[in-house]
Amino acid sequence: MDAIMLALVAVALANADGRTGLFLAQLLSVRPDRRATVIVVFGAFLLHALVAAFAGSVANRMIGQGVAQLLVAAAMLSAAVALLWRAAPLADAGAEQASPVMLAGRMLALQFGDRSHFLIGALAATSGAGLWAAAGGMTGWVLAMLPFLAFGPAIAERRGARLVRWGSAAVLALWGVRTAMGAFGL
């Protein structure tokens, strides 16, 4: 049961920059089939989360807890760096006119290797509770998107949003360092 809360908090913090929420808000504003678009985007995330959770559960049986903790530390630290790195927002120019089936393929490709899925897999590797980690990660992902869906892209440039992003990165970095030190017995 710890996996669901750890994944929820970690994924919510890792998505504090709103990249996915802003992308979905932009996509919903240009596509006529909003319900299908939401189902496709959420379905693509859930599919990747389940694959990451399965891989983490398999890794739980194959590697020791120290290595699993190092995997979590690497996931946390890479998520913190990704929050601080000012990359271009997610964009997919062809998604606006794509059929729902093509949109599903594009979303699967676009979300592949997302920081959220790395965190879900790593946390599933420490606990072995892959489905709980996937459920927590999905919930954290949705919670992190809500402000950007509700208030639009203008909220991302506000000072409060930048402070939340920096604070989330600091929490993830401290959590990652603490987990890495624990893996070495420090």
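The model is predicted: local features need pLDDT of at least 70, side-chain atom pairs count only at pLDDT 80 or more, and totals for chains, interfaces and linings use all residues. Residues are numbered from 1 along each chain as its sequence is written, and side-chain values use heavy atoms, with hydrogens and water left out.

**Aromatic rings**
- The whole structure holds 2 aromatic pairs (rings of Phe, Tyr and Trp, its six-membered ring, with centres within 6.5 Å; planes under 30 degrees apart are stacked, over 60 edge-to-face, the rest tilted).
- F42 and W141 are edge-to-face, because their planes stand at 65°, with ring centres 5.1 Å apart.
- This pair joins F42 in helix α3 (residues 34-62) to W141 in helix α7, 99 residues apart (helices are DSSP runs of H or I, at least four residues, numbered from the N terminus).
- W141 is buried at 1% relative accessible area, while F42 is partly exposed at 21% (buried is under 20%, exposed over 50%, partly exposed in between; 1.4 Å probe, protein chains only).
- F45 and W141 are stacked, 4.1 Å centre to centre with 5° between the planes.
- Ring pairs link F42, F45 and W141 into a cluster.

**Helix α1**
- Buried residues of α1 include I4, L8 and V11.
- The cover over the buried residues of α1 includes α4 (65-84), α6 (115-127), α7 (130-151) and α8.

**Residue T179**
- T179 lies in helix α8 (residues 159-183) and is buried at 13% relative accessibility.
- Leaving aside residues up to four places away in sequence, T179 touches Q69, V72 and A73 (contact means heavy atoms within 4.5 Å).

Key. Helices (H or I, at least four residues) and strands (E, at least two) are DSSP runs, numbered from the N terminus.
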